Amino acid sequence: MKQSVLIIIPPLGVDSYKMGEKFTRDWPRDLQMEVINWPFFWEKDGGSYEARLKRLTDKIEDLIQDDMRVSLLGLSAGGSVAINAFSEKKDGIDSVVNVGGRLRSGEVVFPKSKSENDNNFLFRESVERCEKNIEGLASADKRKILTVRPLWDEFAPINFATISGANNIQNIAFEHILGIILAMTAYKNKIFSFIKSNRNSA
């Protein structure tokens, strides 16, 4: 049986990949797969968005070449990155999970936090590219995608955080960060079931 790996792509923020680490310590045991919290370095000098995305897709390609089965999970801003990486490596990826991430541009593309302003251009490019990539997804591709969103989100309104034809679920939170926390804790079994189901059917 092929070994499996889940790559978690972080939200905006300094060392934000640590947020994924905080919630996923037990996930390797629960999912029976390796978990990598990928440092996208939103707030550090990592070159262009294209260069950052290429580092991720190169890693995915290396894993595929090592006969690994790959799944992606994006937290907040990482959701659009996950979709963009999936669009480039669709045949080698079993499943993609978007947790509270904005996938389409619009009125509140940019986060409101002043500390994040310097990195808005990366986020904007990610979202705009994601919106275009969604248009190119086939029905079979969309069935590999799960979106998890709160009842209300000040950064990623419902119609901008879901994909028609994908698996879209909602938790009971009324705020962006709380929605992510709830998705990664109380609703994590729904994420596990989706990833395991896609892994078993691939």
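**The second largest cavity and beyond**

Analyst: Let's start with helix α8, which gives the most to the lining of the second largest cavity, with 4 residues. Keep in mind that this is a predicted model. The second largest cavity has a volume of about 30 Å³, and its lining is made up of V99, G100, V148, R149, P150, D153, N171, H176, G179, I180 and A183. Two elements, β5 (145-149) and α8 (176-184), each give two or more residues to that lining. Sorted by class, the lining residues come out as 5 nonpolar, 4 polar and 2 charged.

How do you find a space like that? Rolling a probe the size of a water molecule over the atoms shows where empty space is left. Searching the whole structure turns up 2 cavities of 30 Å³ or more.

Now for the other one. The largest cavity has a volume of about 50 Å³, and 12 residues line it, with G13, D15, S16, F41 and W42 lying nearest its centre. Its lining splits into 7 nonpolar, 2 polar and 3 charged residues.

You'll find S16 in the loop between β1 (4-9) and α1 (17-23). S16 has a relative accessible area of 11%, so it counts as buried, being under 20%. Setting aside neighbours within four places in sequence, S16 is in contact with P10, P11 and W42. W42 is also among the residues nearest the centre of the largest cavity. Then there's W38, which sits 22 residues from S16 along the chain, with 9.6 Å between the C-alpha atoms of the two.

S95 belongs to strand β4 (residues 93-99). The side chain of S95 makes a polar contact of 2.8 Å with the side chain of S71. Apart from neighbours within four places in sequence, S95 is in contact with V70, S71, L72, K144, F194, I195 and N198.

Next, helix α4 (residues 78-88) is mostly covered, with 10 of its 11 residues buried. The buried ones are G78, G79, S80, V81, A82, I83, N84, A85, F86 and S87. One of them, F86, is touched by D141, and so is K90, when residues up to four places away in sequence are not counted. D141 lies in helix α6 (residues 139-142) and is buried too, at a relative accessible area of 12%. Between the side chains of D141 and K90 there is a polar contact of 3.4 Å.

Last stop: a pair of helices. Two packed helices are described by the angle between their axes and the distance between the axes. For helix α3 (residues 49-65) and helix α5 (residues 120-135), the axes come within 10 Å and cross at roughly 65°. On the α3 side, Y49, E50, R52 and L53 meet L122, E125, S126 and R129 of α5. That set of residues divides into 3 nonpolar, 1 polar and 4 charged.

How values were computed
Residues numbered from 1 in each chain as written. Predicted model: local features only at pLDDT ≥ 70, side-chain atom pairs only at ≥ 80, totals over all residues. Heavy atoms only, no water. 1 Å grid on protein atoms, 1.4 Å probe; cavity = no way out; pocket = protein on both sides within 12 Å on 5 of 7 lines; lining within 4 Å. Points joined across faces, edges and corners; volume = space filled by probe spheres on them. Nonpolar A, V, L, I, M, F, W, Y, C, P; charged D, E, K, R; others polar. Axes fitted to C-alpha atoms, helices over the stretch in contact; angles between N-to-C directions. Contact = heavy atoms within 4.5 Å. Buried < 20%, exposed > 50% of the residue type's maximum accessible area, 1.4 Å probe, protein only. Polar contact = N/O pair within 3.5 Å; in protein donor to acceptor, adjacent residues only side chain to side chain.
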